[in-house]
Amino acid sequence: MDIETFRRYGHEFVDWIADYLRDIERFPVLSPLKPGEVRSRLPEDPPETAEPMDRIFADFREIILPGIAHWQHPGWHAYFPANNSPASILAEMLTAGLGTQAMIWRTSPAAAELEDLVLEWLRRMLGLPAGFGGTIQDTASTATLCALISARERATGFESNERGLRRPLVVYASAEAHSSIEKGVKIAGYGRENLRLIKTDADFAIIPAEIEAAVAADIAAGFQPACVVATLGTTSSSAVDPLRAVGEIASGRGLWLHVDAAYAGTAALCPENRSILDGAEFADSFVFNPHKWMLTNFDCSAYFVKDPGALVRSFEIRPEYLKTGADPFVKNYRDWGIQLGRRFRALKLWFVIRAYGVEGLRALVREHQRLARLFKGWVEAAPDFELLAPVPFGLVCFRWNDGRRNEEALNAANAALLERINASGKVFLTHTVLGGKFTLRMVIGQRTTEERHVRTAWDVIRSAAGEIAGA
Ligand SMILES: *Cc1c(COP(=O)(O)O)cnc(C)c1O
């Protein structure tokens, strides 16, 4: 493609994106297509000769777009959000335009130094302890894997990288912890049977005394406890583990403390939410995802460590072909994680923080929390619905319960309700199971979600329940 064709389509695509974001409510939130439908409309063979951009773009609109789930739709109440924003999209365009591969300082000093700066901004924006060093990872899953590897290295005096694990190390996390903990435990060589899933209380937060008891039992049995993970905002119900109590155990027992705040970390932008970070000084590592609730399009995960030396010592490589004279004076982020090649993600974070300002980002979080409390009030006031967990952030866990069914029938009724709600095309909610109860999760965190959308969602939910009850 010549550069003038690129220019023409570049303008056209920006217009298309602007229209898409403006008109997004016209789309059904979820794609109505069946498995295999997209693939069946695409040719099996790659084209031997160049195709005109007009035809490629037309296929994008006609074949690809109908198979898209519209994460930026204001009726997106599923999982957790994956917000973009105009500022973030513009920066991502520049990143693609530069085509930078930011593996070491020399391969783009601005990428390394901007990453250093915006992570320091983020540290201060959240109120994390001074001295924590930050880097950008693709996802929280990768950051957690890095934490588990660093914990493994520290627990073995940095020997397991050399000699492999000599005796089992144990990891502790809440029974409500994200599946990425289990995945990381497997990949990092701990072995899944050495992950202890600790009981939670009535609000689904970890019970510190249960960690203490499990650690003592493991030591008595000849195991070596190495790491404990505290979750601030669990994926099922956004429960908050008591960080200070967990941190005191970790520090007393010499365990690495990793904090998974993938979703809820963004809430700490607001001073009124900062109590979740009480005890953060005990953390060895901390992750949160600007790509969830902080308007920075996927992927962008902020990973902080108390001792960057331990991280770098776990991951450092020094092949001859990557050595430069600047090495003693700079941060080479290839040594801060798993990848060698790295995207220039700091740029979109810098754009977002500047384009919204910290106050602008806080206002968004506050509005979502207000809407979540509003929705929670409707659930509590409705005789045939019930709240199933506290609402500290933007997630409301609830179910339909008209009092006429046993637990098994209630679970089936709520599963049927969820299907009917999502078939509306106006909203998309997902579910979890809390204490054996099939639970609907209503997440309010999309950038474009306003009060009218939350009212629509509540209408859709109640009328779907009415239809099932009347059938
Ligand atoms: C979303 C989430 C993750 C995983 O995030 P990725 O960035 O997709 O890996 C991990 N932990 C919690 C608590 C989450 O909510």
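**A close look at the loops**

A: S108 counts as buried because its relative accessible area is 18%, where buried is under 20%, exposed is over 50% and partly exposed lies in between (1.4 Å probe, protein chains only). Before going on, note that this is a predicted model, where local features need pLDDT of at least 70, side-chain atom pairs count only at pLDDT 80 or more, and totals for chains, interfaces and linings use all residues. Residues are numbered from 1 along each chain as its sequence is written, and side-chain values use heavy atoms, with hydrogens and water left out.

Back to S108: it sits in the loop between α4 (86-98) and α5 (109-126). Helices (H or I, at least four residues) and strands (E, at least two) are DSSP runs, numbered from the N terminus. The backbone is worth a look too, as S108 has a positive phi of about 160 degrees although it is not a glycine. F204 is another non-glycine residue with a positive phi, near 70 degrees. You'll find F204 in the loop between β3 (195-198) and α9 (208-220), and with 11% relative accessibility it counts as buried.

Now for the loop between α11 (290-293) and β7 (301-305), which holds T296. T296 counts as buried because its relative accessibility is 0%. Leaving aside residues up to four places away in sequence, T296 touches N83, S88, P290, H291, K348, L349 and V352; a contact here means heavy atoms within 4.5 Å. D299 lies in the loop between α11 and β7 as well, and a cis peptide bond joins it to F298, with omega about 5 degrees.

On to the charged pairs. A salt bridge is a side-chain nitrogen of Lys or Arg within 4 Å of a carboxyl oxygen of Asp or Glu, and by this rule the count comes to 39. One of them pairs R405 with D402, the closest N and O atoms being 3.0 Å apart. Both ends are partly exposed: R405 has 26% relative accessibility, and D402 has 23%. Elsewhere, salt bridges with shared partners join E92, D299, R343, R345 and K348 into one network. That brings back D299, from the loop between α11 and β7, and K348, one of the residues T296 touches.

Helix α13 (residues 346-381) holds R370 and E367, which are 3 residues apart, about one turn of the helix. Their salt bridge has its closest N and O atoms 3.0 Å apart. R370 is partly exposed, at 33% relative accessible area, and E367 is partly exposed too, at 31%. The side chains of E359 and R366 also meet in a salt bridge, at 3.9 Å from N to O. Here E359 is partly exposed with 48% relative accessibility, and R366 is partly exposed with 30%.

Last stop is the segment before α1 (3-22), where M1 is found. M1 counts as exposed because its relative accessibility is 64%. Together with I3 and F6, M1 forms a nonpolar patch on the surface, with about 380 Å² of accessible area between them. Patches take residues with over 30% relative accessible area and no salt bridge, joining like charges within 9 Å and nonpolar side chains (Val, Leu, Ile, Met, Phe, Trp, Tyr) within 5 Å. Accessible areas come from the Shrake-Rupley method with a 1.4 Å probe, and for residues only the protein chains shown count as cover.
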